[in-house]
Amino acid sequence: NLLLKDSHNEKDIFNLWFVDSSQYANDRVSDGYAWVTDEQISWYEEKAGELREQNEGNPVPSLLFQHIPVPEIYEVLSPVTKETAGAVRGHRTYKDKYYVMNRELVTEGTMEEAPCPPDINNGQFESWKKQGDILAAFFGHDHVNDFNGVYDGIHLIYTPGAGFYSYGKIGGHGLRIVELDENDLLHFKTRMVCFSD
């Protein structure tokens, strides 16, 4: 985690979490993508508790960055028929349905492919809710998605590939800018800057 200080360099006012979501699951339960471990979740909860104590008992507003999305990413999508415009077939656990973005929950962006979370839900998102510090989680993994959806008060945000070595339209690759205002730390702004821009 990386704490950010106020503009006077006096107080820690914001936190950034960086989580290694690993790569592939290597066990008999699943041969899909890996999930964040119990040990990682315990570490996060312990550290978030320490930060809360240092912040007069209040959660320190935070953003979280990891490669593989949490399974709750599907909660900002709506199941539809295969023939629906823009529908994508779900990945692995969700492969029996087709999905589009739920425009009541997705505030911006596009979905060019189905999200590919792990098959196992290890409770990471529930842990975020319990700690109450995560405003948004940012994911990569699915190189051509760049949507921003809100589930249970937490933004789940994709950023597409930044380099030119991965699949997807070259013009759609880019980076995401996040802006914070120390006078309003519970809100943030974010936008994509694509190569085509």
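Reader: How far apart are the mean positions of the positive and negative charges of the chain?
Author: They lie 5 Å apart, for 17 positive and 32 negative charges. Lys and Arg count as positive, Asp and Glu as negative; His and the chain ends are not counted. Each charge is placed at NZ of Lys, CZ of Arg, CG of Asp or CD of Glu.

Reader: Where does the model come from?
Author: It is predicted: local features need pLDDT of at least 70, side-chain atom pairs count only at pLDDT 80 or more, and totals for chains, interfaces and linings use all residues. Residues are numbered from 1 along each chain as its sequence is written, and side-chain values use heavy atoms, with hydrogens and water left out.

Reader: How many helices and strands are there?
Author: Two helices and 12 strands. Both are DSSP runs, numbered from the N terminus: helices are H or I, at least four residues, and strands are E, at least two.

Reader: Which strands form the open sheet?
Author: Three do, in the order β4-β6-β5, with antiparallel pairing. Two strands pair if DSSP finds at least two bridges between them.

Reader: Which ones stand at the edges?
Author: β4 (77-80) and β5 (88-89). Each has a single partner strand, so one side of each has no neighbour in the sheet.

Reader: How many bridges join β4 and β6?
Author: Four, and β6 covers residues 98-101. Leu77 has Met101 in β6 as its bridge partner.

Reader: What share of the chain is buried?
Author: 44% of the 197 residues. Buried means under 20% relative accessible area, with a 1.4 Å probe and protein chains only.

Note on methods: Buried means under 20% relative accessible area, exposed over 50%, partly exposed in between (1.4 Å probe, protein chains only).
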